[in-house]
Amino acid sequence: MFDGLKDKLGRFKDDVESEQDPNADPDPEADADPEADPDPAPETTAGDEGGDGDDDGPGLAKKAALAATGRTVITEEELEEPLEQLELELLGGDVEMGVAREITDRIRERLVGDTRKQVESGEQVVERAIGDALRDVISVGQFDFEARIAEADKPVVLVFTGVNGVGKTTSIAKLSRWLADRGYSSVLANGDTYRAGANEQIEEHADTLDRKIITHEQGGDPAAVIYDAVEYADANGVDVVLGDTAGRLHTSNDLMAQLEKIDRVVDPDMTLFVDEAVAGQDATNRAVEFNDAAEIDGAVLTKADADSQGGAAISIAHVTGKPILFLGTGQGYDDLVRFDPDEIVSRLLREED
Ligand SMILES: Nc1nc2c(ncn2[C@@H]2O[C@H](COP(=O)(O)OP(=O)(O)O)[C@@H](O)[C@H]2O)c(=O)[nH]1
Ligand SMILES: [Mg+2]
């Protein structure tokens with residue numbers, strides 16, 4: 001999952017490592033023993049090793065280790081090149097520009113002048129700086145979704161928005177299963193009255209899951225369908241209404257008017273924006289546009305199982321201020337997991353998968 005980003009972060013770690021003087025003793029403890037220190041003469045290596053010969057001190061990783069013992073610090077100049085490279089790599093990995101900048105700024109903040117006392121290897125210091133920076137950026141707005149469902153007046157109304165084909169209907173079916181696993185009943189409402197075959201598709205899910213489904217004729221008013229589902233839930237003690245919507249182009253005024261009407265008529269407890277990880281930067285841009293049209297409370301990022309860079313996963317929360325709540329990880333009903341920032345970060349920093 002998110003292998004593109006994982007590789008890029010790994011390269012940054014390597015970059016910082018490779019700043020290390022090839023002649024320097026890799027063991028920082030050796031610095032205490034003058035005889036054991038080969039004391040590299042920088043003049044003799046100038047021009048060698050890809051032009052890094054002007055680096056006459058210990059490398060960055062080593063400095064980071066020394067910084068951890070309070071003996072020296074990393075300077076801003078030394079980090080400049082690896083961070084610039086990382087920023088480019090992040091952009092290439094579909095990370096939104098402001099988010100890439102935020103991440104590199106935070107890494108710089110954490111590493112420059114770092115004189116923490118813990119004894120750590122340079123790599124650990126660098127890795128923790130990257131991890132903290134990522135975690136800050138992707139945990140924006142996180143809240144306890146299950147607690148929110150538990151505490152809200154019933155029925156809780158959830159409306160799903162997003163363009164066609166990203167996995168809204170599938171995610172609704174998965175969430176219905178997820179809720180049932182936690183003791184909540186749900187009714188499905190097909191607010192996608194636009195697309196031919198939409199009723200049949202969601203009916204199939206409802207049949208398989210044995211859920212009530214509310215549909216209207218194609219071309220009907222989506223707000224009215226979801227309204228009917230709310231009435232049904234009210235009358236039958238159903239906990240959650242899962243309202244699907246049509247995935248027309250996000251630029252369409254029609255869609256905006258439709259979402260506004262749903263907001264007005266059914267006043268959903270939460271609007272969840274759905275998009276696919278594989279859409280990368282497009283998914284991030286759409287999240288912003290949908291959030292502008294009908295304010296979202298969170299996002300579901302689907303197709304995390306498919307080969308994607310991962311940029312959307314770390315950009316959406318930061319650009320919208322709303323958290324990613326779930327990841328879709330396959331086509332089955334159980335392939336929905338809570339988005340856990342800590343787990344994503346450790347996954348991105350893990351050496352092997
Ligand atoms: N691999 C994978 N496929 C998914 C996931 N979520 C949805 N899909 C597939 O994406 C396609 C479109 O999904 P659908 O729910 O119809 O999208 P909608 O148009 O937004 O309602 C279907 O073939 C789904 O099986 C996911 O998490 N992983
Ligand atoms: Mg659909």
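**Close-up views of a predicted model**

**View 1. E84 is partly exposed, with a relative accessibility of 49%.** The model shown in this and the following views is predicted. E84 belongs to helix α4, which covers residues 76-92. Together with E76, E77, E80 and E81, E84 makes up a negative surface patch.

**View 2. Helix α8 is largely enclosed by the rest of the structure, because 10 of its 14 residues are buried.** The helix runs over residues 168-181 and spans 20 Å from its first C-alpha to its last, close to the 20 Å expected at 1.5 Å a residue. The buried positions include the charged residues K168 and K174. Also buried in α8 are T169, S171, I172, A173, L175, S176, W178 and L179. Just after the helix, G183 adopts a positive phi of about 90°.

**View 3. R106 forms a salt bridge with E102 within helix α5.** The closest N and O atoms of the two residues are 2.7 Å apart. E102, at 22% relative accessibility, is partly exposed. R106, at 24%, also counts as partly exposed.

**View 4. R106 also forms a salt bridge with D136.** Here too the closest N and O atoms are 2.7 Å apart. D136 lies in helix α6 (residues 122-138) and R106 in helix α5, so this pair ties together parts that are 30 residues apart in sequence. D136 is partly exposed, with 30% relative accessibility.

**View 5. A network of salt bridges links E102, R106, R110, D132, R135, D136 and D342.** Side chains of opposite charge can pair when their charged atoms come close. The total for the model is 19 salt bridges.

**View 6. E295 and K322 meet through their side chains in a salt bridge, at 2.9 Å from N to O.** E295 sits in the loop between α12 (281-293) and β6 (298-302), and K322 in the loop between α13 (311-320) and β7 (324-328), so the pair ties together parts that are 27 residues apart in sequence. E295 counts as exposed, with a relative accessibility of 54%. K322, in contrast, is buried, with a relative accessible area of 16%.

Methods: Residues are numbered from 1 along each chain as its sequence is written. Chains are lettered from A and ligands numbered from 1 in the order in which they are written. This is a predicted model: local features need pLDDT of at least 70, side-chain atom pairs count only at pLDDT 80 or more; totals for chains, interfaces and linings use all residues. Side-chain values use heavy atoms; hydrogens and water are left out. Patches are made of residues with over 30% relative accessible area and no salt bridge: like charges are joined within 9 Å, nonpolar side chains (Val, Leu, Ile, Met, Phe, Trp, Tyr) within 5 Å. Accessible areas come from the Shrake-Rupley method with a 1.4 Å probe; for residues, only the protein chains shown count as cover. A salt bridge is a side-chain nitrogen of Lys or Arg within 4 Å of a carboxyl oxygen of Asp or Glu. The place of a charge is taken as NZ of Lys, CZ of Arg, CG of Asp or CD of Glu. Helices (H or I, at least four residues) and strands (E, at least two) are DSSP runs, numbered from the N terminus. Buried means under 20% relative accessible area, exposed over 50%, partly exposed in between (1.4 Å probe, protein chains only). The expected span of a helix is 1.5 Å times one less than its number of residues.
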